[in-house]
Amino acid sequence: MAIPRSRPIPEKDLLSVKGLTISQLIAATNKYWTGKTSRFDSAYDCTIKKLTRPSNAQGHLIVFSLIESATEVGKVYKTWFNFLKAKSPSERVHVMAQCECYDYLFRMEYANAAHSAARLFYSNGEPPDSSNPSLHPGLCKHLICLKRELFDR
Ligand SMILES: [Zn+2]
């Protein structure tokens, strides 16, 4: 399960270096990303096919998963959280949130990176000028599914 190389966003688009917790990302998803198809509802259609419990790389805990959704059977997405400077997964520590689905990479990856809560792994590195011009942070259904697996069971 190779994770691709990542890059930071250009300095000019960095909105905050503070970072975000999972609690803050969930709150932002509630605030900005509940349209007619709620990602919170869609997350119930997701199944975790593989889950790697925290592994430690460069002092950061990583929970890595492969997730399939009922709407795209046979397609699994790499979805993971890096818990920064943490000894165990927590909703209250700063994270890097990553998913390779289109929802995340077209709308949220760049915005979360602007809030220091992601790096650019899968998106083309361009700001989401039409899909998320205000750079609102948020989580896709896969990341919500992983969050539930870790904290809501
Ligand atoms: Zn996703």
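# Reading a predicted model

Me: Why is Asn-124 called exposed?
Reply: Asn-124 has 10 other C-beta atoms within 10 Å, and a residue counts as exposed at 12 or fewer, so Asn-124 is exposed. The model is a predicted one. Asn-124 sits in the loop between H3 and H4. Its C-alpha atom is separated by 8.3 Å from that of Leu-105, 19 residues apart along the chain.

Me: What makes Ser-116 buried or exposed?
Reply: Ser-116 has 20 C-beta neighbours inside 10 Å. The cut-off for a buried residue is 20 or more, so Ser-116 counts as buried. Ser-116 is also placed in the loop between H3 and H4.

Me: Why does Leu-135 count as partly exposed?
Reply: The count for Leu-135 is 19 C-beta neighbours inside 10 Å. Buried needs 20 or more and exposed needs 12 or fewer, so Leu-135 counts as partly exposed. Leu-135 belongs to the loop between H3 and H4.

Me: What is the phi of Ser-116, and what is that of Leu-135?
Reply: For Ser-116, phi is near 60°, a positive value in a residue other than glycine. Leu-135 is not a glycine either, and its phi is positive at about 55°. Ser-116 follows H3.

Me: How do you know that H3 is largely enclosed by the rest of the structure?
Reply: H3 has 13 residues and eleven of them are buried, so the helix is largely enclosed. Among the buried ones are Asp-103, Arg-107, Glu-109 and Asn-112, along with Tyr-104, Leu-105 and Met-108. Part of what covers the buried residues of H3 is S5.

Me: What is the span of H3, and where does the helix bend?
Reply: From first C-alpha to last, H3 reaches 18 Å, close to the 18 Å expected at 1.5 Å a residue. The helix bends by about 55° at Met-108.

Me: Which residues have the most contacts inside the largest nonpolar core?
Reply: That core has 36 residues, and those with the most contacts inside it are Leu-25, Phe-81, Val-95, Ala-97, Ala-117, Cys-140 and Leu-143. At least two core residues each come from H1 (22–32), S3 (60–69), S4 (76–83), S5 (94–99), H3 (102–114) and H4 (141–151). H3 gives the largest share, seven residues. In soluble globular proteins, nonpolar side chains tend to be buried together.

Me: What is Leu-143 in contact with, leaving aside its neighbours within four places in sequence?
Reply: Leu-143 is in contact with Thr-79, Ala-97 and Cys-99.

Me: How many helices and strands does the protein have?
Reply: There are four helices and five strands. Starting at the N terminus, the elements run β-α-α-β-β-β-β-α-α.

Me: What share of the residues counts as buried, and what share of the contacts with a separation of 6 or more joins residues 24 or more positions apart?
Reply: Of the 153 residues, 39% count as buried. Residues 24 or more positions apart account for 57% of the contacts with a separation of 6 or more.

How values were computed: Residues numbered from 1 in each chain as written. Predicted model: local features only at pLDDT ≥ 70, side-chain atom pairs only at ≥ 80, totals over all residues. Core = buried A, V, L, I, M, F, W, Y, C linked by C-beta atoms within 7 Å. Contact = placed C-beta atoms within 7 Å. Expected span 1.5 Å × (residues − 1). Bend = angle between axes of the 7 residues up to and from the residue.
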